[in-house]
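Open the model in your viewer and keep the selection tool at hand. This short tour goes stop by stop.

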Amino acid sequence: MTEVLSRKQAWLFAAAVVIGLLLFAFGLFSIGDKQQLWNGTFNITMKVGNAAGLEPGTRVRIQGVPAGQVASIEQPVQRGGDLLVTLKLDGRCRALLGQDARAEIKPEGLLGGKVIDIFPGSPGSETLAEHAIIPGREDSLADDLKKLASESHQTLEDVRKLSEHMKSLSVRSEKAVKEIEGLTSDLREGKGVLGQEVLSTIKQVRDTSQSVQFGFDAMKQLPLVGKHVDPNTKLLVRPGMDKVVGVFTEAELFHEGRSVFHPEGVEQLRAWAAKTLPGTKLSGSEVVIVSYTDPNYPDQRAAEILTQEQAEAIRTYLTDHHGIHKTGTFSRRTVHAIGMGTRVAPGMTASPSTPLRRIEIIIFAPAGTLS
C-alpha cells in the first residue's frame, strides 16, 4: 500500500515540475515580447528644444499605438542648442516611418507624465533610415496656457473699466430718457422749436431725394460714370491709411495647387502672427488676406476658386488660433479673404522679384498709428 502511494506522489511531483517549467517559459516569452526582445529594434533620434517630463523608459507611440520607448537623452553640445532624444522602436514599425516623419511630446492624461507621439509622414516618402534624426516639439497646449495667463491681467483691467463705464452710463441714461421723452412729445405733436424744424426738414428731404434720384438715373446712362469701382480694389487700395504687409509664396504655406497647409506652412503663419499681431491690434483697423496665382494658369475660373479657398484657409487659421479678428477683450475688426485668381494687384506695377503665386496678409490702420 505504501509503495503505490509513493509512485502516485512521484508522478504528481513530476507533473507539477513540468507545468511549472511551461508556465515559466510562457511568462518569459510574454515579457520578452512586450519588451520587444524577439522582434528586433531600431533606433532613431528626436531633436527637441525642451525635454521636460521625458526620461529613459518614456513610452513612444506611432499614431497613438505603442511602438517603443526612450532609450537616452543627450544634452546639447552648444549652449541653448537642441537636445537629442534616442528612441528605441519595435523593428516591425520601421516600414511605417517616412523621411518626413516628426514627433510631438504630449501629456498623458491630466495629471500623468509625458508620451511621445510620432507622425509617420507622407505615404510617398522614402523609409526612415536607422539612427535618422527627426524634428520634435512640445504640445501647443502649454503655450496656449502661458498666453492665457499673460492675458488674464489685461482682461481683469478691461472688466473693471467696463464696470465703471456702465455705472456712468446708468446715471447719464436716466437723464437722457427724461430729455428724450420731452423731445418725443414735441416731435410727435410738431410743437416747440425742434418739432417745427424737423417737420420742415422732412419736407425738404423728401423733395431733395426725388431730385437726387432723377440725377442718379441720368448719371447711370453716362459711359464712364455708370461703371462702378471693383470692390476688391476698394479693399486693397487705401491711400489714406497705414499698412503692414506679410508676403508668402504658395509653396511656403500650401501643397502646390491646393488649399491644404503643410506643417512648415503652419509654422510660418505662427511665427508671423507672433511677431506682427501684438502691435497691430488697433481700433479702426482692418485685415485683408489676398491670394494670387500665375496669370498663365490654364483655367481662370479654377484659379479664382483656388485662390479664394487659400485666402479663406489662412483667415480661418489666424482667427481660430491667433485671434487676428480681436482688437481687445470685447472689440472686433473685419477680416476679408479675397481670391484674385489670375488678376494682378490693383494700383501696383509688377516687379520681377514679386512671386506670381503668393498670399499677402495686409493690416490697414488709421494714418499715423503704425510705426
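Does Leu162 count as buried, partly exposed or exposed, and why? Keep that in mind as you go; the model is predicted.

Stop 1: Now pick β2, residues 59-62, and β3, residues 65-74. Their pairing is antiparallel, over four bridges. Find Arg59, and look across to Gln69 in β3, which stands opposite.

**Stop 2: the largest nonpolar core.** This core has 23 residues. Select Ile44, Met46, Leu87, Leu89, Leu97, Ile116 and Ile118, the residues that touch the most other members. Then colour the elements that give two or more residues to this core: β1 (41-48), β2, β3, β4 (83-90), β5 (102-107) and β6 (114-119).

**Stop 3: a second core.** Go on to Ile314, Tyr317, Ile359 and Ile361. They are among the 20 residues of a second, separate core. In soluble globular proteins, nonpolar side chains tend to be buried together.

**Stop 4: a surface patch.** Show the surface and select Val159, Leu162, Met166, Leu169 and Phe330. These form a nonpolar patch there, with about 460 Å² of accessible area together. Leu162 lies in helix α2, residues 140-189.

Back to the opening question. Leu162 counts as partly exposed because its relative accessibility is 37%, and partly exposed lies between the cut-offs of under 20% for buried and over 50% for exposed.

Note on methods: Residues are numbered from 1 along each chain as its sequence is written. This is a predicted model: local features need pLDDT of at least 70, side-chain atom pairs count only at pLDDT 80 or more; totals for chains, interfaces and linings use all residues. Side-chain values use heavy atoms; hydrogens and water are left out. Two strands pair if DSSP finds at least two bridges between them. A nonpolar core is a set of buried Ala, Val, Leu, Ile, Met, Phe, Trp, Tyr and Cys residues joined through side-chain atoms within 4.5 Å. Buried means under 20% relative accessible area, exposed over 50%, partly exposed in between (1.4 Å probe, protein chains only). Patches are made of residues with over 30% relative accessible area and no salt bridge: like charges are joined within 9 Å, nonpolar side chains (Val, Leu, Ile, Met, Phe, Trp, Tyr) within 5 Å. Accessible areas come from the Shrake-Rupley method with a 1.4 Å probe; for residues, only the protein chains shown count as cover. A salt bridge is a side-chain nitrogen of Lys or Arg within 4 Å of a carboxyl oxygen of Asp or Glu.
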